Amino acid sequence: MSGLKNLSLPNSKQLHILVYPSLTFMHSGPEGFIKELLRFSPKEREVTFSVKVEPSELGSAALEKIRSESPANLKFVTQCPESFDLMITLGGDGSVLWANQFIKGRKPAPTITINGGTLGFITQFVMDDLSMILDEISHACEENRTSTLQTKLLRKLLVRGLRTSGESFESSAINEVVLKTPDNYGRSFQVFVGQALAMEFKADGVIVCSQLGSTGYNSSVQGPLLAPGFAGLTISALAPYGCNFRPLVVPEGQTVKVVIGHSFHNKVGCSLDSTTSFELCEKDSVEINLEAEPIPLITRGYEEGWYQKARSLFHM
């Protein structure tokens with residue numbers, strides 16, 4: 001994350017808000033947060049809400065009841081709208097990761113993250129804060145001014161995969177890219193930083209993560225924690241063979257490329273934030289760098305909160 005800026009929304013009559021609630025929020029009863037959303041009605045603005053739901057829930061009695069009792073500007077969707085001006089995630093950090101996959105291919109919008117989970121390294125607020133945030137945005141819209149709320153830029157990972165067959169894939173992640181053998185047989189990996197071969201080792205897998213992701217899976221293999229404000233990547237190994245492996249921290253602007261080495265065993269799985277996965281074979285490769293277009297997260301004292309949570313979680 002980097003760069004604090006005051007929140008500024010488009011100066012137009014229409015304001016489209018995308019809401020991504022976790023399954024827990026939906027199953028515990030969505031009436032409460034929907035009622036809070038519908039309070040948001042700044043003068044001179046036509047506000048519409050798109051609430052993401054699972055296809056299996058679309059025709060449920062509970063949602064139909066809410067739909068029948070709600071104004072026409074609220075709709076439930078199973079696919080991401082083409083554009084939106086503000087996004088609200090409801091859940092834990094995992095909800096932000098899933099929301100990132102849901103909006104794939106869309107331009108990121110300022111995002112309010114409501115924590116209903118446990119850790120909350122990404123999520124900045126709790127449900128009781130939603131009313132205050134929406135009230136401030138409403139006042140800013142009515143007064144045609146920049147909001148006093150601040151945003152911090154979340155740099156995502158841009159992931160490009162290239163198979164020896166000539167096929168390729170491109171996606172993004174927020175926390176990490178994990179390459180792992182499904183049967184825990186050791187595999188050879190080559191890691192390039194830019195054009196230079198930086199590491200070559202045998203292990204059960206490789207983790208390449210962002211600053212935010214450094215507190216996740218990476219931390220469980222004793223990978224380095226990256227403090228807020230550092231825009232870079234870490235490279236760690238899963239169960240490396242021998243005792244000589246050392247994790248590596250790579251600064252912003254460098255591309256990390258991982259090449260799958262030889263093995264007589266199964267393919268390697270490539271997982272992005274544990275939400276999207278691909279299969280890779282020998283000599284296939286994955287390139288990871290920081291995306292140029294970040295997500296503006298509405299925040300409050302991110303750095304102070306990060307150190308407090310890290311100290312509590314890792315007994316620092």
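**Talking through a predicted model**

Biologist: Which residue in the hairpin of E11 and E12 takes a positive phi?

Modeller: Glycine 194 does, with a phi near 65 degrees, in a hairpin that has 2 residues between the strands. The names come from DSSP runs: strands (E) have at least two residues, helices (H or I) at least four, and both are numbered from the N terminus. This is a predicted model, where local features need pLDDT of at least 70, side-chain atom pairs count only at pLDDT 80 or more, and totals for chains, interfaces and linings use all residues. Residues are numbered from 1 along each chain as its sequence is written, and side-chain values use heavy atoms, with hydrogens and water left out.

Biologist: What makes E11 and E12 a pair?

Modeller: Two strands pair if DSSP finds at least two bridges between them. E11 (residues 187-193) and E12 (residues 196-203) have 7 bridges, in the antiparallel sense, so they qualify. Phenylalanine 189, for one, has phenylalanine 201 of E12 as its bridge partner.

Biologist: Which strand pairs with E11 over 5 bridges?

Modeller: That is E16 (residues 256-260), again antiparallel. Here valine 193 has valine 256 as its bridge partner.

Biologist: Which residues of E11 are on its covered face?

Modeller: Arg187, Phe189, Val191 and Val193 are, while Ser188, Gln190 and Phe192 form the uncovered face. In a regular strand, side chains alternate between the two faces of the sheet.

Biologist: Now helix H5 (residues 130-142), where glutamate 136 is found. Why is glutamate 136 called buried?

Modeller: Buried means under 20% relative accessible area, exposed over 50%, and partly exposed in between (1.4 Å probe, protein chains only). Glutamate 136 has 12%, so it counts as buried.

Biologist: What does glutamate 136 touch?

Modeller: Leaving out residues up to four places away in sequence, it touches Arg145, Ser147, Thr148 and Leu149; contact means heavy atoms within 4.5 Å.

Biologist: Last, which residues line the second largest cavity?

Modeller: They are Met87, Val96, Ala99, Asn100, Ile103, Thr111, Ile295 and Leu297. H4 gives the most, with 3 residues.

Biologist: How many of these lining residues are nonpolar?

Modeller: There are 6 nonpolar, 2 polar and no charged ones. Ala, Val, Leu, Ile, Met, Phe, Trp, Tyr, Cys and Pro count as nonpolar, Asp, Glu, Lys and Arg as charged, and the others, Gly among them, as polar. A cavity is a set of points on a 1 Å grid over the protein atoms alone where a 1.4 Å probe fits but cannot get out, and lining residues have an atom within 4 Å of a point.

Methods. 1 Å grid on protein atoms, 1.4 Å probe; cavity = no way out; pocket = protein on both sides within 12 Å on 5 of 7 lines; lining within 4 Å.
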